[in-house]
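Me: Hello! I would like to learn how to read a few features of a protein model. Could you take me through them step by step?

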Amino acid sequence: MNLKRVYLTGRTYFIILCVMGAMAILSSTMSKNPVLNPFAVSLGAPSDLIGIIAAASTIPGIIVSLPAASLSDIFGRKKVLLFATFIFASAPFLYLGITTWWQLALVRFYHGFATAMFIPVAEVTIAERFPTKRGERMATFNSATYVGRGIAPFLGGSILFLTNYSFHTLYIAVAIAGTTSFTIALLLLTENKKTIHTSTTPTADNAIIDTKPMKAKIATGQMLKGWLTIAHNKNALTISFIQACQYYAYGTMEFYLVQYMIEIANLNALAVSTIIGTQIISLIILRPILGRLSDKHGRRLPIILGCTISATLLFLIPHTTQFPLLLLISIGYGIGFALVISSTSPLMCELAPPKLIGTSIGFLNTTMDIGQTLGPIISGIILATTLTYTGLFTSLTILLTTSAIIFTISNIDKHHKTNNPKTT
């Protein structure tokens, strides 16, 4: 039986995947920024429990990033991507029926599964299709998602302003963006004709035996075996530690730099948004460039240099309150952060066995989410002590410096080779 499949050129496939990612992250980000806090307050959420609503969508990243990526190794990337974009499309409609704050927390939890599954599997898809351009293409894809992430607060805020805080109108816009991503996924990832699969096996006496439980058992065994393989790989653990440290610092920087600029530097809202917005723009522009650099010259130097730059600049923050200096520090930190994260994901793919690329990226994303979750929590405890902001940012400097030293003394990527097969 001849099957006709939809094949797109590498460039076209990649562009569509980037658009799909941008729309998906636009949808998920607009559902929380800036609407989540006022929506939760309007529902009567207790002030001491609003943090639960905020954190509800990040928990799935810790829970499912690794299993989802591992299952994509076994069952294919397309099925997982389609399921993730289905959640992007369906979750926004659930917000329209919310009447209590705890329902909002549950919907946020469900919505969080979309990003937790989509990002690592999309990165693996790119890594496999473009083996000689992993750094550049993976960084470009992530920059595309940052475009969606950057537009979301402005678009969401404008909708709330023009509709006098009509939450339902905003979530309809969220639904449109999510549905668009799902529609693109259907067009991109499905086939013209599907193979007819049978889940039964005839026996000699024509009895029918269901093989689904057997397949599920085999898949579970393969998945667990893959996790153990990655967990026992010292190089993979080192890269995961570097990634966790970076997002520990980034999660803290993202949350407490704003507070520092308002409380200590006494900057107005326009100055604060300029500093934060410029950092996001620098990430969008620089990640593809730095990814291409790591493809050509290796991942080692960008990671060491990025950790060092970030550590140094974070140390300087509590020692200045001037807008120009804080702007330069924020941009410089964005460069250091981009240097590292544009190299860690492709390097993780290169360290993993070919059949475990999905598992390796899932493992990396899980440690990333753990770091980003723990950063603001632990840093908040430090901030509450007499060490205040000096202790907070110094602790980040120590952490990133430690990660730079650990990577420097490792043998990872010391002899960079560019002998990967060509790709479109």
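**Reading the surface and the backbone**

Reply: Gladly! Tyr-165 is partly exposed, as its relative accessible area is 49%. Please keep in mind that this is a predicted model.

Me: Where is Tyr-165 found?

Reply: Tyr-165 sits in the loop between helix 7 and helix 8. Its phi is positive, about 60°, although Tyr-165 is not a glycine.

Me: Which loop holds Asn-164, and is Asn-164 buried or exposed?

Reply: The general idea is that a residue counts as exposed when its relative accessible area is over 50%. Asn-164 reaches 66% relative accessibility, so it counts as exposed. Asn-164 lies in the loop between helix 7 (134-162) and helix 8 (167-189). The backbone of Asn-164 also has a positive phi, near 55°, in a residue other than glycine.

Me: Now the surface, please. Which residues form the nonpolar patch?

Reply: To join a patch, a residue needs over 30% relative accessible area and no salt bridge. Here the nonpolar patch is formed by Ile-59, Ile-62, Ile-63, Phe-109, Ile-370, Leu-374, Ile-377, Ile-378 and Ile-381, with about 720 Å² of accessible area together. Two elements give two or more residues each to the patch: helix 4 (59-75) and helix 14 (357-383). Helix 14 supplies the largest share, 5 residues.

Me: What is the relative accessible area of Ile-370, and where is its place?

Reply: Ile-370 has a relative accessible area of 34%, so it is partly exposed. Its place is in helix 14.

Conventions. Residues are numbered from 1 along each chain as its sequence is written. This is a predicted model: local features need pLDDT of at least 70, side-chain atom pairs count only at pLDDT 80 or more; totals for chains, interfaces and linings use all residues. Side-chain values use heavy atoms; hydrogens and water are left out. Patches are made of residues with over 30% relative accessible area and no salt bridge: like charges are joined within 9 Å, nonpolar side chains (Val, Leu, Ile, Met, Phe, Trp, Tyr) within 5 Å. Accessible areas come from the Shrake-Rupley method with a 1.4 Å probe; for residues, only the protein chains shown count as cover. A salt bridge is a side-chain nitrogen of Lys or Arg within 4 Å of a carboxyl oxygen of Asp or Glu. Helices (H or I, at least four residues) and strands (E, at least two) are DSSP runs, numbered from the N terminus. Buried means under 20% relative accessible area, exposed over 50%, partly exposed in between (1.4 Å probe, protein chains only).
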